[in-house]
Amino acid sequence: MSDHLHSIHLNENPRRELFRQARIQLEGACGLPTLLGSVPTPSADVDLEAVTRSIAPMAPGGPCHFQLKDGEQFHPLTVGVNTVGRLPDNSVVIRDEHVSRRHCAVVVHTSGQCEVHDIASKNGTLLNGKKIAGPTRLRPGDQITLCTKKLMFVAEPTDGPKVAS
């Protein structure tokens, strides 16, 4: 599991317990293949391109790259847990004082399915205008709202035009 989710910024209060519960739920939702896919390979002798092809997400129509679009900026997502928030060590850093330090996470499964999880953020995470209560599946074109910040979930085929933009 990502070290990003072992946060020390929360004091001993109810939010710390909510964060712990969210982390446990997120770890349970990933599954072993997804967690293994997110672990970096330590050996320089490994053919990284072959490893990437073997764990590349599959979606109808073939392999895809997944991204979060923030205005004109695209944030690539990798297989495994992609944390989103203000802290600079998140996978996707959002420079907005209203967004939590660790606001949500997008899990990209090796199967090609993606889901968004709120990580006990103070103001919650909305998907297409509705607050999510638990892990929620993502589809191309979905809008993720973190306070006033809006991100679009994009699936781009590896060998063709964007599915959603």
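Colleague: Which residue forms a salt bridge with Lys149, and how far apart are the closest N and O atoms?

Modeller: This is a predicted model, so the answer is read from computed coordinates. Asp70 is the partner of Lys149, with the closest N and O atoms 3.2 Å apart. Lys149 belongs to strand S12 and Asp70 to strand S2, so the bridge ties together parts that are 79 residues apart in sequence.

Colleague: Is Asp70 buried or exposed?

Modeller: Buried means under 20% relative accessible area. Asp70 has 14% and is therefore buried. Lys149 has 21% relative accessibility, so this residue counts as partly exposed.

Colleague: How many salt bridges does a search of the whole structure find?

Modeller: The search finds 2. Besides the Lys149 pair, the side chains of Asp89 and Arg102 meet at 3.0 Å, N to O. Asp89 sits in the loop between strand S4 (80-85) and strand S5 (92-93), while Arg102 sits in the loop between S5 and S6, 13 residues apart. Arg102 is buried at 6% relative accessibility, whereas Asp89 is partly exposed at 38%.

Colleague: Which residues touch the most other members of the largest nonpolar core?

Modeller: Leu68 and Ile144 do, in a core of 22 residues. At least two residues of this core come from each of strands S2 (62-70), S6 (104-108), S7 (114-118), S11 (143-146) and S12 (149-157).

Colleague: Leaving aside neighbours within four places in sequence, which residues is Leu68 in contact with?

Modeller: Among them are Phe74, Leu77, Val84, Val92, Val106, Ile144, Leu151 and Phe153. Gln73 and His75 are also in contact with Leu68.

Conventions: Residues numbered from 1 in each chain as written. Predicted model: local features only at pLDDT ≥ 70, side-chain atom pairs only at ≥ 80, totals over all residues. Heavy atoms only, no water. Core = buried A, V, L, I, M, F, W, Y, C linked by side-chain atoms within 4.5 Å. Buried < 20%, exposed > 50% of the residue type's maximum accessible area, 1.4 Å probe, protein only. Helix = DSSP H or I, 4+ residues; strand = E, 2+ residues; numbered from the N terminus. Contact = heavy atoms within 4.5 Å. Salt bridge = Lys/Arg side-chain N within 4 Å of Asp/Glu carboxyl O.
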